[in-house]
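Colleague: I would like to learn how to read a model of this kind, feature by feature. Could we begin with the way in which helices pack?

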Amino acid sequence: MIFRRRIEIHQHPDGEMRAALEDDFHHFRVSIRHAQGLVTDVRGYAVRFPYTACPGAAAPLQSLIGMPLSEVAHSVTRATDARHQCTHMLDLAGLAIAAAANKLTQRVYDITVPMRVAGVTTSTLLRDGNIFLQWTTTGTFVQDPEPYRGIDLNHGMAGWAIANLPTEEAEAALILRRCTTISRGREYDLDEMPHARVTGLCYAQQPVRAQQAMRMKGSTEDFTDRASQLCASDQDWFAGNEPEIIQTQR
């Protein structure tokens with residue numbers, strides 16, 4: 001079994017940046033508008049999600065309005081408290097903002113993380129169809145290659161990557177880190193959980209709502225042999241031909 005994620009970012013003809021993410025557990029969309037170097041509007045769209053509370057996390061994205069465009073996608077974590085956001089919609093917003101700052105018209109990331117054998121796996125990230133990063137990891141640590149050897153994916157990696165890597169490589173490394181860590185969800189039957197855990201780490205897992213954030217049973221997909229279907233349903237939205245879906249929140 002292989003965990004897969006695709007992230008697509010497209011510039012709409014009117015200048016709006018649209019980004020979509022789909023993997024085994026999630027399917028989200030985010031759009032941003034900007035003017036004079038500032039974010040002027042942010043919208044989140046929940047298509048497939050693990051907990052009933054997840055669509056509500058679109059509203060807190062509004063806290064990004066007014067932030068300067070930044071070539072560093074992770075800058076969104078300085079503009080808002082990530083613990084009160086959907087991790088994946090916030091990541092998408094950061095990538096869309098960075099794409100706007102870099103004047104990109106399109107970018108596609110494809111990530112694969114095979115099931116671990118004795119705790120070891122090889123995570124691969126393609127950028128625009130070409131291999132850009134590949135890591136061998138054991139547990140939470142990167143074993144190869146340099147300069148990642150010995151990096152703990154769960155502790156301090158974001159700061160290290162931003163300080164030590166070129167901006168574009170840091171962006172890709174943080175995407176690959178996210179996928180490598182969440183791929184471990186494949187090792188469990190998530191539908192056995194009645195509701196979100198109370199961790200305080202994201203919108204659905206805040207103590208104020210975690211026990212009411214019920215598990216969306218059957219929401220996990222397997223894209224091991226269906227990589228071409230990732231983000232396939234987003235193409236009309238990218239082109240501006242699809243109306244806003246029911247789960248959209250502002």
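Modeller: Contact here means heavy atoms within 4.5 Å, and what you see is a predicted model. With that cut-off, Met-157, Ala-158, Ala-161 and Ile-162 in α3 meet Ala-170, Ala-173, Leu-174 and Arg-177 in α4. By class, the residues in this contact of α3 with α4 are seven nonpolar, no polar and one charged.

Colleague: Turning to arginines, is Arg-215 buried or exposed?

Modeller: A residue counts as buried when its relative accessible area is under 20%. Arg-215, which sits in the loop between α4 and α5, has a value of 8% and is therefore buried. Its side chain makes a polar contact with the side chain of Thr-220, at 3.1 Å. Once neighbours within four places in sequence are left aside, the residues in contact with Arg-215 include Pro-50, Tyr-51, Asp-191 and His-195.

Colleague: And what surrounds Arg-4?

Modeller: Arg-4 belongs to strand β1, residues 2-11, and with a relative accessible area of 17% Arg-4 is buried. Not counting residues up to four places away in sequence, Arg-4 touches Glu-22, Asp-23 and Asp-24, and among its other contacts are Ile-111, Thr-112 and Phe-223. A polar atom of the Arg-4 side chain lies 3.0 Å from the backbone oxygen of Phe-223.

Colleague: Which backbone values deserve a second look?

Modeller: Most residues other than glycine have a negative phi, and most peptide bonds are trans. In this model, a cis peptide bond joins Asp-144 and Pro-145, with omega about -5°, and the bond from Glu-146 to Pro-147 is also cis, with omega near 0°. Pro-145 is in the loop between β8 and α3, and Pro-147 is found in the loop between β8 and α3 as well.

Colleague: Where is Gln-36 placed, and what is its phi?

Modeller: Gln-36 lies in the loop between β3 and β4, and its phi is positive, near 50°; with a relative accessible area of 82%, Gln-36 is exposed. Cys-231, in the loop between α4 and α5, has a positive phi near 65°, but Cys-231 is buried, with a relative accessible area of 0%.

Notes. Residues numbered from 1 in each chain as written. Predicted model: local features only at pLDDT ≥ 70, side-chain atom pairs only at ≥ 80, totals over all residues. Heavy atoms only, no water. Helix = DSSP H or I, 4+ residues; strand = E, 2+ residues; numbered from the N terminus. Nonpolar A, V, L, I, M, F, W, Y, C, P; charged D, E, K, R; others polar. Buried < 20%, exposed > 50% of the residue type's maximum accessible area, 1.4 Å probe, protein only. Polar contact = N/O pair within 3.5 Å; in protein donor to acceptor, adjacent residues only side chain to side chain.
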